[in-house]
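Hi,

Here's the structure I promised to pass on. Have a look first, then read my notes below.

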Amino acid sequence: MATLRGRVLGPDPGALSPAQLEQLRNFKIQTRIANEKYLRTHKEVELLISGFFREMFLKRPDNIQEFAADYFTDPRLPNKIHMQLIKDKKAA
């Protein structure tokens with residue numbers, strides 16, 4: 001029940017029913033599983049993130065947002081990731 005300053009207004013139209021809550025919970029679980037599978041099968045995502053953090057910790061920029069924008073829009077980045085994938089594949 002929704003209330004307004006102690007007065008009962010009736011059922012909360014924004015509240016989810018128990019069945020809807022269960023459906024939402026299942027959706028969240030399935031989404032997490034799908035995300036985990038994607039990340040495990042796409043090594044380039046790991047390389048992007050680890051490379052970004054490595055550079056950030058080495059350079060310690062004052063403006064992290066600007067640094068991130070420059071890092072992820074660097075036209076050389078796709079080639080760097082591709083070369084790292086090749087290097088990792090040869091090492092395996």
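Which residues in helix 2 meet which residues in helix 4? On the helix 2 side they are Lys-43, Glu-44, Leu-47 and Leu-48, and they meet Leu-77, Ile-81, Gln-84, Leu-85 and Asp-88 in helix 4 (contact means heavy atoms within 4.5 Å; helices are DSSP runs of H or I, at least four residues, numbered from the N terminus). By class, that makes five nonpolar, one polar and three charged residues.

Before you go on: this is a predicted model, where local features need pLDDT of at least 70 and side-chain atom pairs count only at pLDDT 80 or more, while totals for chains, interfaces and linings use all residues. Residues are numbered from 1 along each chain as its sequence is written, and side-chain values use heavy atoms, leaving out hydrogens and water. The mean pLDDT (the predictor's confidence in each residue, from 0 to 100) is 89 for the protein.

There are also six salt bridges in the structure (a side-chain nitrogen of Lys or Arg within 4 Å of a carboxyl oxygen of Asp or Glu). One joins Glu-36 and Arg-40, at 2.7 Å from N to O. These two are four residues apart in helix 1, so about one helical turn separates them. Glu-36 is partly exposed at 38% relative accessible area, whereas Arg-40 is exposed at 68% (buried is under 20%, exposed over 50%, partly exposed in between, with a 1.4 Å probe and protein chains only).

Another salt bridge pairs Asp-74 with Arg-76, at 3.1 Å from N to O. Here Asp-74 is buried at 17%, and Arg-76 is exposed at 56%.

Cheers

How values were computed
Nonpolar A, V, L, I, M, F, W, Y, C, P; charged D, E, K, R; others polar.
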